[in-house]
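Subject: Structure handover and notes

Dear colleague,

I am passing on the structure we spoke about, and my notes on it follow below. Please read them with the structure open beside you.

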Amino acid sequence: MGSGRGLLEHSKPLHRGPDDEKVWLTMNSTTVSAELVLRLVVPDRATVPLLAGLSYTATDPYAIRMAFHVGNDEPVEWIFARELLTVGIVRRVGDGDVQVWPARSDGERTLNISLTSPFGQALFEVPLAPLTEFLHRTYELVPAGRESNFMDLDAELSNMLWSS
């Protein structure tokens, strides 16, 4: 199958977000992607809506990429372990730069994501319903425990050993 838009790809609104915004999910035979509105928690505990793109590919089955769209600049991308986000739905998890935990915000179930880098720290509230749907689709594509079946370990080792 090609990597372009094919017959197996479909796109649908996941759910309505804050201010009745649509949250989109796209899936084909090798990828799952979604766009949703997160809330950036600022120092006075107020929140600022922020668009984020999530992407998952069967060829990198342990990782979820999240691109935060901040202003007119290029998106800031972080890579999360799929299992970290999954476990974070039910309990606090993570050490160091990335920590996630379940929470409630204005009566809505959310996942808090705390990120720390040399440039600062950020706390995001992610609406749980669309994130859970996105994660569910990734597990439909690559079931838990079967990730290694989708990787070319020889190519990965070659990239790590020989790339400059």
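Strand β3 (residues 31–41) and strand β4 (residues 47–57) pair in the antiparallel sense over 11 bridges, where strands are DSSP runs of E of at least two residues, numbered from the N terminus, and pairing requires that DSSP finds at least two bridges between them. This is a predicted model, in which local features need pLDDT of at least 70 and side-chain atom pairs count only at pLDDT 80 or more, while totals for chains, interfaces and linings use all residues. Residues are numbered from 1 along each chain as its sequence is written, and side-chain values use heavy atoms, with hydrogens and water left out.

Across the β3 and β4 pairing, V41 stands opposite T47, and in this hairpin, which has five residues between its strands, R45 takes a positive phi near 70°. β4 also pairs with strand β5 (residues 63–68), again antiparallel, through four bridges; G53 has A67 of β5 as its bridge partner, and this hairpin has five residues between its strands.

A further hairpin is formed by β7 and β8, with two residues between them, and eight bridges join these antiparallel strands, with A103 opposite T110. D106 lies in the loop between β7 (98–105) and β8 (108–117), and its phi is positive, near 50°, although the residue is not glycine. D106 counts as exposed because its relative accessibility is 82%, the cut-offs being under 20% for buried, over 50% for exposed and partly exposed in between, with a 1.4 Å probe and protein chains only.

E125, in strand β9 (residues 120–127), counts as buried because its relative accessibility is 9%. The side chain of E125 makes a polar contact with the side chain of S105 at 3.0 Å (a pair of N or O atoms within 3.5 Å, one able to donate a hydrogen and the other to accept it; residues adjacent in sequence count only if both atoms are side-chain atoms). Leaving aside neighbours within four places in sequence, the residues in contact with E125 (heavy atoms within 4.5 Å) include V41, T47 and T110.

Which residues lie nearest the centre of the largest pocket? They are V76, W78, L115, A122 and F124, among 14 lining residues, a pocket being an open set of points on a 1 Å grid where a 1.4 Å probe fits, with protein on both sides within 12 Å along at least five of seven lines, and lining residues having an atom within 4 Å of a point. β9 gives the most to this lining, with four residues.

Best regards
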